[in-house]
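Let's go through this structure together, one "how do you know" at a time.

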Amino acid sequence: DPGFGLTSAPLRIDERILHSLAGVNRLDARLEPLMQRRAYPHCVADEHVAVAGEIVSLRDLESPEAPIVHLCGDDGRGQEDVAALVAHRMGRQLQVLPLENLPPSGAGDGAYRDPAQSAAQFVALWTREVALLPGMLLVQCGAAQPSAAMLTAIERLPAPLVVASRDQLRLARRSVRYAVNKP
């Protein structure tokens, strides 16, 4: 704050950062109503285990320039299983975000106070969670076709990122696509 010296200035940090420093590592309370944690699956089809192995073998999966992993096909539960296996092998917590809970760029919903900042706020909060948890996000589109604003919001999210949909999506950001169908 102005008027204070460096050593006497009040320190203000976000509550989530304080909790992390104190050893309480939970998802930010502002994100909790939007997504759900997915645990390690114990019974997975062999085809899905093979897809997860291919994804984990990508060299730059955790780099800032990492591609979006796009899982498409008719097995939504299988897509979730693949993402959960990948997250487990990477030592990350998988959080599942239904498409309808993702705020599009420039539009808001009830979860955000400033509609113009909703997508930017979500991206900033999730970027922090990727580092603190460490987390990995699965955006579930299902059979819905995301709008252009939704695709823009998805492409701004940090790696590692998995997008699951029934049909193939056109993504501007570099992506790798894997088919995940019912065994």
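**What covers helix 5, and other questions**

The cover over the buried residues of helix 5 includes strand 2, helix 4 (118-132), strand 4 and strand 5. This is a predicted model, in which local features need pLDDT of at least 70 and side-chain atom pairs count only at pLDDT 80 or more, while totals for chains, interfaces and linings use all residues. Residues are numbered from 1 along each chain as its sequence is written, and side-chain values use heavy atoms, with hydrogens and water left out.

Q: Which residues of helix 5 (residues 148-156) are buried?
A: They are Met 150, Leu 151, Ala 153, Ile 154 and Glu 155. Buried means under 20% relative accessible area, exposed over 50%, and partly exposed in between (1.4 Å probe, protein chains only). Helices (H or I, at least four residues) and strands (E, at least two) are DSSP runs, numbered from the N terminus.

Q: What is the confidence of the predictor in the protein chain?
A: pLDDT is the predictor's confidence in each residue, from 0 to 100. Its mean for the protein chain is 89, and 92% of the residues reach 70 or more. Over residues 107-116, however, pLDDT stays under 50, and the model has twelve contacts for them beyond four places in sequence. Contact means heavy atoms within 4.5 Å.

Q: What makes the strands a sheet, and what is their order?
A: Two strands pair if DSSP finds at least two bridges between them. Six strands form an open sheet with the order 1-3-4-5-2-6 and mixed pairing. Strand 1 (36-38) and strand 6 (175-179) are the edge strands, because each pairs on one side only. On average, neighbouring strands of this sheet are turned by 25° against each other, direction ignored. Axes here are lines fitted to C-alpha atoms, for helices over the stretch in contact, and angles run from 0 to 180 degrees between N-to-C directions.

Q: How many bridges join strand 2 (residues 68-72) and strand 6, and in which sense do they pair?
A: There are five bridges, in the parallel sense. His 70 has Arg 177 in strand 6 as its bridge partner, and Val 69 stands opposite Val 176 in strand 6. Val 176 belongs with Tyr 178 to the covered face of strand 6, whereas Ser 175, Arg 177 and Ala 179 make up the uncovered one.

Q: Which strands does helix 3 (residues 76-90) lie across?
A: Helix 3 lies across strand 1, strand 2, strand 3 (93-98), strand 4 (135-142) and strand 5 (161-165), and runs at about 170° to strand 4.

Q: Why is the pair Glu 80 and Arg 38 called a salt bridge?
A: A salt bridge is a side-chain nitrogen of Lys or Arg within 4 Å of a carboxyl oxygen of Asp or Glu. The closest N and O atoms of Glu 80 and Arg 38 are 2.6 Å apart, so the pair qualifies. Glu 80 lies in helix 3 and Arg 38 in strand 1, so the pair ties together parts that are 42 residues apart in sequence. Glu 80, at 12% relative accessible area, is buried, and Arg 38, at 13%, counts as buried too.

Q: What separates Glu 80 and Arg 77 along helix 3?
A: They are three residues apart, which is about one helical turn. Their side chains meet in a salt bridge (3.4 Å, N to O). Arg 77 is exposed, because its relative accessible area is 54%.

Q: How do you know whether Arg 30 and Asp 14 are buried, exposed or partly exposed?
A: Arg 30 has 36% relative accessible area and Asp 14 has 28%, so both fall in the partly exposed range. They form a salt bridge, with the closest N and O atoms 3.2 Å apart. Asp 14, Asp 28, Arg 30 and Arg 128 are linked in a network of salt bridges.

Q: How many disulfides are there, and why?
A: A disulfide is a pair of cysteine sulfur atoms within 2.5 Å, and the count comes to zero. For Cys 141, the closest cysteine sulfur, in Cys 72, is 11 Å away, too far for a bond.
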